[in-house]
Amino acid sequence: MDPKKPIIALDFPNQEEVFAFLDQFQGQQLNVKVGMELFYAGGTAFLNALQARGHDIFLDLKLHDIPNTVERAMAILASTGVAMVNVHAAGGKEMMQAALRGLEAGSTGKRPMLISVTQLTSTSTEQMNEEQGIPGEVLGSVLRYAKLTKAAGLDGVVCSPLEAAAIKDACGEDFQTITPGIRLATSIADDQKRIMTPSQAAQSGSDYIVVGRPITQADNSKVTYDQITTDWSGQ
Ligand code: C5P
C-alpha cells in the first residue's frame with residue numbers, strides 16, 4: 001500500500017454507491033478502507049471486485065477473539081490479498097502474535113500489514129476508567145497498548161494524529177501510525193473532534209492517513225482527493 005496516497009474510507013451503505021463513487025477515479029489506483037458493514041454484506045467477492053479495479057485494500061475488521069480463532073481467520077483474510085488488516089490490542093500479545101502467524105501462513109505474496117486498534121476514539125476517559133477498569137488518561141492506555149503491539153511484532157497502530165508523535169517516541173520511528181480524523185482547513189469536521197490537516201498529520205508523524213467524508217461527500221470528490229493527496233505528500 002503506497003503511503004503517499006490517502007486511504008479512502010469507503011463508508012457507503014451498499015456496493016452500488018461504492019462503485020458509482022469509484023467510477024469518478026477511472027484508471028487511478030487508490031488505497032481504500034473497507035469496514036465491517038460492506039464486508040459482511042459483500043464478502044470476498046466484493047474485495048475481489050475492488051482488486052480487479054487495481055485498488056489496495058485496508059480491511060478494517062478489528063478482530064478480537066482467542067488466539068487460535070484469530071490465527072485461523074487471519075490466514076483466510078491473508079489469502080484474499082488485502083494489503084492491511086487489524087486487531088484490537090486488548091486481545092493481548094499472544095492473540096496479536098497468533099494473528100501475525102496466521103497472516104504469514106495464509107499469504108501467497110507479501111504479508112498484509114498488521115496494525116492494532118488501541119483505545120477506540122469513541123471511548124471516553126470516564127468509560128475507560130469505570131467500564132474497562134483502566135485508571136488514568138486515555139493516552140496512557142494508548143501508549144501501553146502501542147508498546148504491547150510493538151512487542152508482539154506488529155507493524156503499527158491506528159491512532160489520532162495528535163497521538164502519533166508520542167507513539168513514535170515510545171515505539172520508534174519505524175512503528176507505523178495510521179491516522180483518521182483528517183480534514184482540509186476548508187472542510188467541515190463532521191463528528192470528528194480532534195482533527196488535523198494532511199500536512200499537519202505528516203509533520204506530526206503520521207505514516208498513512210485515512211480520509212472518508214471530506215472525499216466521499218465532496219461536491220467534486222476527485223478534485224478534493226487530489227487536494228488532500230497534494231497536501232499530504234507535499235507535492
Ligand atoms: O469520514 P471520516 O474522514 O471521519 O472517516 C474516518 C474513517 O476512519 C471512518 O471509517 C472511521 O470509522 C474511521 N476511524 C476513525 N477513528 C478511529 C478509527 C477509525 O475515524 N479511531
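This is a predicted model: local features need pLDDT of at least 70, side-chain atom pairs count only at pLDDT 80 or more; totals for chains, interfaces and linings use all residues.

Trainee: Which side chain does Arg101 meet in a salt bridge?
Mentor: The partner is Glu71, and the N to O distance in this salt bridge is 3.2 Å. Glu71 lies in helix α3 and Arg101 in helix α4, so the pair ties together parts that are 30 residues apart in sequence. In general, side chains of opposite charge can pair when their charged atoms come close.

Trainee: And Glu71, how accessible is that one?
Mentor: Glu71 has a relative accessibility of 24%, so it counts as partly exposed.

Trainee: How many salt bridges are there by this rule?
Mentor: The count comes to 10 salt bridges. Two of them involve Arg111. With Glu104, the closest N and O atoms of the salt bridge are 3.7 Å apart. With Asp155, the N to O distance is 3.0 Å.

Trainee: Where do Arg111 and Asp155 sit in the chain?
Mentor: Arg111 is in the loop between α4 and β5, while Asp155 is in the loop between α6 (138–151) and β6 (156–158). The pair links distant parts of the chain, 44 residues apart. Salt bridges that share partners also join Lys33, Asp60 and Lys62 into one network.

Trainee: Changing topic to the strands: how many residues of β4 are buried?
Mentor: Strand β4 covers residues 84–88, and five of its five residues are buried. In a regular strand the side chains alternate between the two faces of the sheet. In β4, Met84, Asn86 and His88 are on one side and Val85 and Val87 on the other, and both faces are covered.

Trainee: Which strands pair with β4?
Mentor: Strand β3 (residues 56–63) pairs with β4 in the parallel sense over three bridges. Here Leu63 has Val87 of β4 as its bridge partner. Strand β5 (residues 113–117) also runs parallel to β4, and five bridges join the two. In that pairing, Asn86 has Ile115 of β5 as its bridge partner.

Trainee: What does the chain cross through to get from β3 to β4?
Mentor: The chain passes through helix α3 (residues 67–79), and this β-α-β crossover is right-handed. A right-handed β-α-β unit is also made by β4, helix α4 (residues 93–106) and β5.

Trainee: Now the aromatic residues. How many aromatic pairs are found?
Mentor: A search of the whole structure finds five. In one of them, the rings of Phe12 and Phe21 have their centres 5.2 Å apart and their planes at 45 degrees, so the pair is tilted. Phe12 and Phe21 are both buried. In another, the ring centres of Phe39 and Tyr40 lie 6.3 Å apart with planes at 55 degrees, so that pair is tilted as well.

Trainee: Are Phe39 and Tyr40 buried or exposed?
Mentor: Phe39 counts as buried because its relative accessibility is 13%. Tyr40 is exposed, with a relative accessible area of 60%.

Trainee: Which residues do ring pairs link into a cluster?
Mentor: The cluster consists of Phe12, Phe21, Phe25 and Tyr225.

Trainee: Finally, the whole chain. How many helices and strands are there?
Mentor: The protein chain has 10 helices and eight strands. Its radius of gyration is 17 Å, close to the 18 Å that the globule rule gives for 235 residues, so the chain is as compact as a globular protein of that length. Along the principal axes, the C-alpha atoms fill a box of roughly 45 × 40 × 30 Å. Of the 235 residues, 50% count as buried.

Trainee: What does UniProt list for residues 5–228?
Mentor: The unreviewed UniProt entry lists "domain: Orotidine 5'-phosphate decarboxylase" there. Over those residues the chain is 45% helix and 17% strand, and the end C-alpha atoms are 9 Å apart.

Technical notes. Residues are numbered from 1 along each chain as its sequence is written. Side-chain values use heavy atoms; hydrogens and water are left out. UniProt positions are given in the numbering used here, feature names are shortened, and annotations may be inferred rather than shown by experiment. Helices (H or I, at least four residues) and strands (E, at least two) are DSSP runs, numbered from the N terminus. Rings of Phe, Tyr and Trp (its six-membered ring) pair if their centres lie within 6.5 Å; planes under 30 degrees apart count as stacked, over 60 as edge-to-face and the rest as tilted. Buried means under 20% relative accessible area, exposed over 50%, partly exposed in between (1.4 Å probe, protein chains only). Two strands pair if DSSP finds at least two bridges between them. A crossover is right-handed if, with the strands pointing away from the viewer, the path from the first strand over the helix to the second runs clockwise. A salt bridge is a side-chain nitrogen of Lys or Arg within 4 Å of a carboxyl oxygen of Asp or Glu. The radius of gyration is taken over C-alpha atoms; the globule rule is 2.2 Å times the number of residues to the power 0.38.
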